[in-house]
Amino acid sequence: MEAVRGYYDGVNIKPLESIKAKPNQSVIITFVDEIITPVKTDSASSLRGVLSEYANPTLVSKEEEAWKRAMVKKHGDA
């Protein structure tokens with residue numbers, strides 16, 4: 001059995017240490033009466049998908065040709 005410190009952010013349980021567990025391994029979660037301030041990590045992988053909430057699927061087709069249209073508008077059709 002291994003103990004790992006972490007915190008509950010209101011939605012998910014976030015570990016503060018690396019976890020050496022196998023997928024689908026059973027765990028025991030115990031809540032203690034200690035409030036901690038979570039440590040933010042500034043890594044590129046933690047930013048993946050951060051702007052996805054602003055994505056507009058209806059504009060994807062327009063984005064595919066946006067660069068070409070901008071260059072034609074700026075430099076003319078060559």
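These are my notebook entries on a predicted model of one protein chain.

**Entry 1: the overall layout**

I began with the secondary structure and found 2 helices and 2 strands in the protein chain. Reading from the N terminus, I get the order β-β-α-α. Next I looked up how much of the chain is covered. Of its 78 residues, 1% count as buried. For the accessible surface I noted about 8,100 Å², with 56% of that belonging to carbon and sulfur atoms.

**Entry 2: the largest pocket**

How many residues line the largest pocket? I have 25 in my notes, and Val4, Arg5, Ile28, Ile29 and Thr30 are the ones nearest its centre. Strand 1 (6–8) and strand 2 (13–15) are the elements that give two or more residues to this lining. The volume of the pocket comes to about 1,100 Å³. Sorting the lining by class gave me 16 nonpolar, 4 polar and 5 charged residues.

**Entry 3: Val4**

Val4 is one of the residues nearest the pocket centre, so I gave Val4, at 33% relative accessible area and thus partly exposed, an entry of its own. I found Val4 in the segment before strand 1. Which residues does Val4 touch, once its neighbours within four places in sequence are left aside? My list reads Pro15, Glu17, Ser18 and Ile19. I also checked Val4 against Ile29, which lies 25 residues away along the chain, and their C-alpha atoms are separated by 9.7 Å.

**Entry 4: the aromatic pair**

My search for aromatic pairs returned 1 in the structure. Tyr8 and Phe31 form this pair, and I wrote down 6.0 Å centre to centre and 90° between the planes, which is edge-to-face. What does the pair tie together? Tyr8 sits in strand 1, while Phe31 sits in the loop between strand 2 and helix 1 (60–64), so the link joins parts that are 23 residues apart in sequence. Phe31 has a relative accessible area of 58%, and since exposed means over 50%, I marked Phe31 as exposed.

**Entry 5: helix 2**

Last, I turned to helix 2, which covers residues 66–75. How many of its 10 residues are buried? The count is 0, so I noted helix 2 as hardly covered.

Note on methods
Residues numbered from 1 in each chain as written. Predicted model: local features only at pLDDT ≥ 70, side-chain atom pairs only at ≥ 80, totals over all residues. Heavy atoms only, no water. 1 Å grid on protein atoms, 1.4 Å probe; cavity = no way out; pocket = protein on both sides within 12 Å on 5 of 7 lines; lining within 4 Å. Points joined across faces, edges and corners; volume = space filled by probe spheres on them. Helix = DSSP H or I, 4+ residues; strand = E, 2+ residues; numbered from the N terminus. Nonpolar A, V, L, I, M, F, W, Y, C, P; charged D, E, K, R; others polar. Buried < 20%, exposed > 50% of the residue type's maximum accessible area, 1.4 Å probe, protein only. Phe/Tyr/Trp six-rings, centres within 6.5 Å; stacked < 30°, edge-to-face > 60°. Areas by Shrake-Rupley, 256 points an atom, 1.4 Å probe, with all protein chains shown as cover. Contact = heavy atoms within 4.5 Å.
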